[in-house]
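Here is a short briefing to read alongside the model. Please have the structure open as you go through the points.

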Amino acid sequence: MPVQAAQWTEFLSCPICYNEFDSSGHQPISLGCSHTVCKTCLHKLHRKACPFDQTPISTDIDLLPVNCALLQLVGAQVPEVQPVSLSSAAEIEHYEVCRVCVEELALYLKPISGSKGVVTLSPSVLSRPMQRKLVTMVNCQLVEEEGRVRAVRAGRSLGERTVTELILQHQNPQQLSANLWAAVRARGCQFLGPAMQEDALKLVLLALEDGSALSRKVLVLFVVQKLEARFPQASKTSIGHVVQLLYRASCFKVTKRDEDSSLMQLKEEFRTYEALRREHDAQIVHIAMEAGLRISPEQWSSLLYGDLVHKSHMQSIIDKLQSPESFAKSVQELTIVLQRTGDPANLTSLRPHLELLANIDHNPDAPPPSWEELESVMLAVKLVVHGLVEFIQNFSKKSHDTPQPQANSKYKTSMCRDLRQQGGCPRGTNCTFAHTQDELEK
């Protein structure tokens, strides 16, 4: 029976015996499927297969090299020479170059503290998505064909994330939100602020969740009438723009009628708030991507919900909307951004390496890379990640503190009920409702 895999942050200990990796009894051995287990536990396996996903282990366990990248992270003695089961001197030479690249990349995961292999990663240099992708890369077994396929895919993923992070580093958050809402309005849609938008969507659901079919005019009028008590500024125009957003997201089944307005019915899969809200959020993210805007999950959570709690939800939407072509498109967008800023960090020099990574075939059935291809990918990844780190350390104007949703004041369209009824609000500055008359007027 497969064993439950460990959390990704627990990459410095064996996921079977939970001992921290070391250079004697618990040497880390990465398998072709990218799971890493200590040598002692590997020798105790009843069958020669990964205990997590049952992938067969084709190479003799004693011939699989120790993962030196992980050993250096736990401060253990790294073996100077390791025999590897490769067929030619040229392959061994390529392998050594790739191994050194991985070990240099792993240094960006150096823990600031850790016990029992559970790591507290330094938040100051690379973001969590970058760290997670690096962990995937570090656990690839390069002497196995499957491991090389995974390493190349991990390299592409790291390159794509690097471009996104560099674009985000060059953006002004205030200008970004203004550009986003301009792009949404240009498509005849509107976002009314976290609190009002949520209520509007719930009222659309209330009107249509039982399968009712209403004309757009009747639906809009129903929502406006229900909203007016809490949001006096609700109008037929603004709510019509919210309905248009859902229409663009293909949430409605539309029935045309002769000489009468069409009837709109919510598709069955969107008759819960979670499903409708996800499709609504995905449509706004899609509009932003079409407009060439790159927005972090934290920023999305702040803009759409007025908090930072929904960043995982937003990240999953962003991941789903990414297409194979979006990497190459992002490289072009970065080039334009750099031309506009004068590129003081000379990031333009990374373009050929990013284009090489963008051209990697993402298809799961793609042929395995040659050793020459693997080496060029590893060198490119090392250079682009180093370029990102250098930029963050020396040129970034952004604070490394957790962003606070400061820009929500413009959405505070009604007074906080908790403050009014109980004299205090448990949400404090994160509240999406106004606490003072000044906030309300802004």
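Glutamine 315 is buried, with a relative accessible area of 18%; buried means under 20% relative accessible area, exposed over 50% and partly exposed in between, using a 1.4 Å probe and protein chains only. This glutamine sits in helix H12 (residues 311-321). Helices are DSSP runs of H or I with at least four residues, strands are E runs of at least two, and both are numbered from the N terminus.

This is a predicted model, in which local features need pLDDT of at least 70 and side-chain atom pairs count only at pLDDT 80 or more, while totals for chains, interfaces and linings use all residues. Residues are numbered from 1 along each chain as its sequence is written, and side-chain values use heavy atoms, with hydrogens and water left out.

**The chain overall**
- The protein chain has 17 helices and 7 strands.
- Of its 442 residues, 48% count as buried.
- Among contacts (heavy atoms within 4.5 Å) with a separation of 6 or more, 65% are between residues 24 or more positions apart.
- The mean pLDDT, the predictor's confidence in each residue from 0 to 100, is 86 for the protein chain, and 87% of the residues reach 70 or more.
- Over residues 399-410 pLDDT stays under 50, and the model has 18 contacts beyond four places in sequence for them.
- Where pLDDT is low, the predicted coordinates should not be read in detail.

**Around glutamine 315 and helix H5**
- Leaving aside neighbours within four places in sequence, glutamine 315 is in contact with Pro129, Arg161 and Pro297.
- Helix H4 (residues 128-138) and helix H5 (residues 145-169) pack at an angle of about 165°, their axes 9 Å apart; axes are lines fitted to C-alpha atoms, for helices over the stretch in contact, and angles run from 0 to 180 degrees between N-to-C directions.
- H4 and H5 are therefore roughly antiparallel to each other, given that angles over 145 degrees count as roughly antiparallel, under 35 as roughly parallel, 65 to 115 as roughly perpendicular and the rest as oblique.
- The contact includes Pro129 and Lys133 of H4, and Arg161 and Glu165 of H5.
- By class, that contact of H4 with H5 has 7 nonpolar, 4 polar and 3 charged residues; Ala, Val, Leu, Ile, Met, Phe, Trp, Tyr, Cys and Pro count as nonpolar, Asp, Glu, Lys and Arg as charged, and the others, Gly among them, as polar.
- Arginine 153 is also placed in helix H5 and is partly exposed, at 35% relative accessible area.
- The C-alpha atoms of arginine 153 and valine 377 are separated by 9.6 Å, although the two are 224 residues apart along the chain.

**Helices H6 and H10**
- The axes of helix H6 (residues 173-186) and helix H10 (residues 273-290) come within 9 Å and cross at roughly 105°.
- That angle makes H6 roughly perpendicular to H10.
- Leu180, Trp181, Ala183 and Val184 of H6 meet Ile284, Ile287 and Ala288 of H10 in this contact.
- By class, the contact of H6 with H10 has 7 nonpolar, no polar and no charged residues.

**Two loop residues with positive phi**
- Most residues other than glycine have a negative phi.
- Glutamine 54 has a positive phi of about 65° although it is not a glycine; its place is in the loop between helix H1 (39-43) and helix H2 (68-73), and it is partly exposed at 29%.
- Aspartate 343, not a glycine either, has a positive phi of about 50°; it lies in the loop between helix H13 (326-341) and helix H14 (351-358) and counts as buried at 12% relative accessibility.
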